[in-house]
Amino acid sequence: MTRTTEGAAVRHGPGRLVIGNLEINPPLVLGPMAGHTNLPFRLLCHRGGAGLVVSEMISAKGLQYRNKKTQLLTKTCPQERPVALQLFGDTPEVLYNGVCELEAAGADMIDLNMGCCVPKVRSAGAGIELMADPERGIACAAALVDAASVPVTVKMRTGLAGGDMRYIDIAVKLAEVGVSAIALHARSAEQKMSEKADWSHIARLVEVVSIPVIGNGGAVSGGDAAVMIEQTGCAGVMYGRAALGKPWLFGQAAAALERCAVPPDPNAAEIMAIALCHAQMLALHYGERVAMHQMRGQMAHYTRGLPHALQLRRQMHSVHALHDLKQLVCEYVKAL
Ligand SMILES: Cc1cc2nc3c(=O)[nH]c(=O)nc-3n(C[C@H](O)[C@H](O)[C@H](O)COP(=O)(O)O)c2cc1C
């Protein structure tokens, strides 16, 4: 991260991501993913080369009610910076009140979730429902801008269904109320995650708004960030699912952006060392029992494509402590 000099206008452009007075370098963002982009995984992705990491969504109502689980989601540390904390909520008031806590927790920016389609979030009137009711969505973003001393960004989808292009009007208004950047997930709510993301929407948005656009959806390999920037002119690229079990992906993407040789994936033993490090950090953050439960899911990602992966994943069911995991991983690596 480079903090640009106060007053010096550093412009964003294709592959150049400047949010407020922060230049995000490389312009590669770990996208918010509930259940994944907690502090330990964000740290791994920062080390792996991400220029900006985003927390999983945090309920503004949960913060209001001082819910302990919600408060744990706000934890940040200096080594992962710059870090964005993402809020979801349904009214300007509840969102406004959440800002103070996120800033105190160390957020370098606050992201508003305007794209989540999961029933729990939708039925609470938040996420994509803010696109369904754009006036309320814009009022929510304006309230955050009003409350925050750090930049406010918004993450959204293209619209509710296939041909719905409401992202354009909404983005223009978001820029007018002072939002500093928009991450566009190039799929509609109806398309969920399965259909191919249509990057032409990202290109269209870049043409229309003067604030930086971060392209998201379907970037899989290290080389895809460079391709997305080339095809759309976006300022930065957000990786979601492709980063799971692959925090080094950002270093590969950064090398491709610099037109350097892309480093190969780590070998199986190196991947297992990263997985163990992940487990240790999760244990510190959540306690060992919860951490080992989470690691069952994470190991499925880390072992993708590795030899004897299925057997290792099955054995994960009997892992309840860090010690068990270390033993399992040691035996696996020895047998390679
Ligand atoms: C497990 C999971 C959890 C997610 N949680 C969030 C979230 O909390 N907030 C959000 O804005 N998007 C969330 N997303 C959407 C991602 O940030 C991203 O937009 C989506 O996965 C598309 O990018 P990709 O094709 O690179 O995976 C989530 C996606 C997944 C797979």
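Modeller: Helices here are DSSP runs of H or I with at least four residues, strands are runs of E with at least two, and both are numbered from the N terminus. The model is predicted, so local features are used only where pLDDT is at least 70 and side-chain atom pairs only at pLDDT 80 or more, while totals for chains, interfaces and linings take in all residues. Residue numbers start from 1 along each chain as its sequence is written.

Take the loop that joins helix α11 (249–257) to helix α12 (268–286); R259 is in it. R259 is not a glycine, yet its phi is positive, near 60°. With 8 other C-beta atoms within 10 Å, R259 is exposed. The cut-offs behind that word use C-beta atoms placed from the backbone: 20 or more others within 10 Å of a residue's own make it buried, 12 or fewer make it exposed, and anything in between is partly exposed.

Now follow α12 itself, which packs against another helix. The axes of α12 and of α15 (residues 322–335) come within 10 Å and cross at roughly 180°. An axis is a line fitted to C-alpha atoms, for a helix over the stretch in contact, and the angle, from 0 to 180 degrees, is taken between N-to-C directions. The two helices α12 and α15 are therefore roughly antiparallel. Angles over 145 degrees get that name, those under 35 are roughly parallel, 65 to 115 is roughly perpendicular, and the rest are oblique.

On the α12 side, the residues that meet α15 are A269, M272, A275, L276, A279, Q280 and A283. On the α15 side, they are L322, L325, K326, V329, Y332 and V333. Two residues are in contact if their C-beta atoms, placed from the backbone, lie within 7 Å. The residues of this contact divide into 11 nonpolar, one polar and one charged. In that count Ala, Val, Leu, Ile, Met, Phe, Trp, Tyr, Cys and Pro are nonpolar, Asp, Glu, Lys and Arg are charged, and the others, Gly among them, are polar.

Helix α7 (residues 134–147) and helix α8 (residues 167–176) have axes that come within 10 Å and cross at roughly 30°. That makes α7 roughly parallel to α8. P134, G137, I138 and A141 come from α7, and they meet I170, K173 and L174 from α8. This contact divides into five nonpolar residues, one polar and one charged.

In α4 (residues 92–104), the buried residues are L95, G98, V99 and L102. An α-helix has 3.6 residues a turn, so residues three or four places apart point the same way. The cover over the buried residues of α4 includes α2 (60–64), β6 (83–88), β7 (109–114) and α7. Just past the end of α4, G106 has a positive phi of about 110°.

Several other loops have features to look for. R66 sits in the loop between α2 and α3, and its phi is positive, about 55°, although R66 is not a glycine. It counts as exposed because it has 9 C-beta neighbours inside 10 Å. P82 is in the loop between α3 (68–73) and β6, and the peptide bond that joins R81 to P82 is cis, with omega about 5°. Another cis peptide bond runs from N25 to P26, with omega near 0°; P26 belongs to the loop between β3 (22–24) and β4 (28–30). The loop between α5 (119–123) and α6 (129–132) holds A124. A124 counts as partly exposed, because it has 15 C-beta neighbours inside 10 Å. In sequence A124 is 36 residues from F88, while their C-alpha atoms are 9.6 Å apart.
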